[in-house]
Amino acid sequence: MSTQFRADGSLRHLITLESLPRPLIERLLERAQGLVRPLGERPPVSRALAGCTVANLFTEPSTRTRVSFELAAKRLGADVVNLEVQLSSRVKGESMLDTVYTLQSLHVDALVIRDAETGVPATVAANVAPHVSVLSAGEAHVAHPTQGLLDALTVRQYKPRFDRLSIAIVGDIRHSRVARSAFHVFGTLGVADLRIVAPPVLMPEPTEFSGCTRHTSLESGLDGVDVVMMLRIQKERMAQIDLPDGDRYYASYGLTPERLALARPDAIVMHPQPMNRGIEIASEVADGPRSVIRDQVRNGVAVRMAVLNEVLAWRAGA
Amino acid sequence: MSTQFRADGSLRHLITLESLPRPLIERLLERAQGLVRPLGERPPVSRALAGCTVANLFTEPSTRTRVSFELAAKRLGADVVNLEVQLSSRVKGESMLDTVYTLQSLHVDALVIRDAETGVPATVAANVAPHVSVLSAGEAHVAHPTQGLLDALTVRQYKPRFDRLSIAIVGDIRHSRVARSAFHVFGTLGVADLRIVAPPVLMPEPTEFSGCTRHTSLESGLDGVDVVMMLRIQKERMAQIDLPDGDRYYASYGLTPERLALARPDAIVMHPQPMNRGIEIASEVADGPRSVIRDQVRNGVAVRMAVLNEVLAWRAGA
Amino acid sequence: MSTQFRADGSLRHLITLESLPRPLIERLLERAQGLVRPLGERPPVSRALAGCTVANLFTEPSTRTRVSFELAAKRLGADVVNLEVQLSSRVKGESMLDTVYTLQSLHVDALVIRDAETGVPATVAANVAPHVSVLSAGEAHVAHPTQGLLDALTVRQYKPRFDRLSIAIVGDIRHSRVARSAFHVFGTLGVADLRIVAPPVLMPEPTEFSGCTRHTSLESGLDGVDVVMMLRIQKERMAQIDLPDGDRYYASYGLTPERLALARPDAIVMHPQPMNRGIEIASEVADGPRSVIRDQVRNGVAVRMAVLNEVLAWRAGA
């Protein structure tokens, strides 16, 4: 999506990782890595974005992702305002854009948007004034680009040679923005073997996830992989797939210690959260020695700082 | 309302623009003008109110006006807390004042209050300790003083000679705090010709809006004016006036390009937002070359900074 | 609860005042006193906790206690994020801890928790990483430690000799976390005569409040006391105790001027708020010359600053 860039080639919006150039992704990961601190140490704090304003437009009152963006912006010295809004065009028609125009007239520099409807971030990006950046914090089933970057950063910390990796993404691939952003970023970074593992009805269309191998058996999907990325399963979905309760889903697709033993001995386990423990993942695995789930959260705020710095760098220098 | 002033003559509260002296209004507009920046430039930021605390008491979770006040306060260095409260006395009796007393005991310096019931800001102002200022962010149908000031600032930027202007306020005048604050400020600034345009049942009582001409025909109301101020129509109201749907209201009172052609060729179009596009205003007009609606939003944060500076100046100097 | 302390003896969590050493309580009160300013003066502001992050996890959108903690943290220079969460384990199972782990991975230094279920703050404290502090902002009927400290600070300002005091706590003792934290702190500070006054069914179990005298008559309970601490009565409770409406409760247990006359002439009146005026307390008393209810609020933010400083001092020095 060429519209994510300014005329001078710098990154303006972050709406999807699809076709983002590999050097840019690597630079973002490198800079995020420089902002990571071990648990218990103080996070880096600066005034790099002092005088900038970031608005969080979320459809729900408070979520982990909102707090992660909020802290990323505050630790760079930006002012942050939180709004609960319904941006979906089917709900409010043109009033979506009126809300956005209002925020840009209030000199908001970056809009962080989470919306359940496809296309909202791109529509907003296509309409805002040139000085405003749009960052997707989750768009329908389509994209969750900062999640993709934090997932890549987490893998990189444990398995830096992407061209030698086997990664399995497991769960409701069909409806998952996390899976799609992971597919984009791992594809660009040259992951050797990317697998998607799901019950047949939760598989994406054949035209999607090209180059990935498809497994309806969790056992075959996990065989020898370096990285296991679990996804959250919505309870509503389980009914649709004739696995009407958590127990039955867990029996077929839950990540148990036994199944994890099929992966490589040093395989890591990831999950975007919130987790359904005992449904898609056993608590022993979620809290076990191979879990890097909390690393993902820590990396998330570093990635969001790096992205805010990247898109607002011109402003900070002004 | 003399109680808006301190014994030394300085402005303490801003609850209504009625009978506010012209020199004070002009000074506030002048200072706000100095805080306006073009879209895309950085807004002015200072530490003038560092150590001060502003509390936003709004009855709804998030609104444009709340964010405008929040950013105005933060860009002056104040701490801001947001509370969702029902202050209306009929709902909670004396507990309204207990909430206010709590905030003043927490060393809050300014209370920004939006409430649907008449008299709440004045009641609070009459009861708070001498160091606390009350700023109305919208009181029932009665007053919205910072909206009045931003409307005046917007007109002033395009049409600085108020004594030569014709201004038409169009829509549900009867129930509009925006119209009443505009009436007050434009009267004080000496606007030559102020018109109110509405269906008969949405006209205010004959004792109100003295000196304004009244038009039930939009066409006659717009004839030759310099400024068109549109108001939002509530859908509930349309049923009451035998114009039960948006289409029929639009047919009689919607601002179309054709009707706008009745105004002067350089007339500007204003709206306090949120807009009902296709009901009170055509999208072509709202987004057209004569619309200054986004200027109003930008001016709003500047006006609120000027007002906060004015009422808290004694504190900032302490 | 020894787990409130670090290995070096410093205070890490504040979950209960029970068995907190008297020198620590006195130091906290002394430091809080140094942060108290008269109404109308500016509160002390510092950058002592700059770079620290405080998360408010409350089950309701906005409350006095949340704002008090938020301002305490901001006036020390900390970043603050507000989350509305249901932490109760019966609601969400292990997801409670996942929310907490997420916040600690985001480098949150202190979690301020209000929850209606017993044991939540202790469970969280037992599971967070060593660098995270947990501060209870109200736990079921069990404890409200910062309320206890602010109550002690308020008494100390008027009646510094605890060993000579008679204090009556009046109302729904059985279900009150305020009463329990007051019992703990006044016990430790050596209050000579601590009385609990309640209708029989609102009395706590005989094993609780040991050493307190029990009064089911308000008149005998108030006789000659120096301090009257009123509690809020929930309307649901009144039905349970055959006092089905506020008028009848007031007739037996409301603090009227006549009843207050039974206390010492210089007795002070306290209430944790929000008040049911005309039910547990007469407005003349709540707003009268012996009421120190607003002092309690002002002291609350000072106490919370002192507590945040105490538990995060190691971090601030880092």
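Among contacts in chain A between residues at least 6 apart in sequence, what percentage join residues at least 24 apart? In this predicted model, the share is 77%.

Chain A holds 13 helices and nine strands. Its radius of gyration is 19 Å, close to the 20 Å that the globule rule gives for 318 residues, so chain A is as compact as a globular protein of that length. The C-alpha trace of chain A spans about 55 × 40 × 35 Å along its principal axes. Of the 318 residues in chain A, 53% are buried.

The contact draws 22 residues from chain C and 19 residues from chain B. On the chain C side, α2 (64–74) and α13 (293–316) are the elements that give two or more residues. The most come from α2(C), which gives six residues. By class, this side of chain C has 10 nonpolar, five polar and seven charged residues.

Within chain C, helix α5 covers residues 120–127. Its buried residues are C:Val120, C:Pro121, C:Ala122, C:Val124 and C:Ala125. Several elements of chain C cover these buried residues, including α4 (95–105), β3 (110–115) and β4 (133–139).

Key
Residues numbered from 1 in each chain as written. Chains lettered and ligands numbered in written order. Predicted model: local features only at pLDDT ≥ 70, side-chain atom pairs only at ≥ 80, totals over all residues. Buried ≥ 20, exposed ≤ 12 C-beta atoms within 10 Å, placed from the backbone. Helix = DSSP H or I, 4+ residues; strand = E, 2+ residues; numbered from the N terminus. Contact = placed C-beta atoms within 7 Å. Nonpolar A, V, L, I, M, F, W, Y, C, P; charged D, E, K, R; others polar. Rg over C-alpha atoms; globule rule 2.2 N^0.38 Å.
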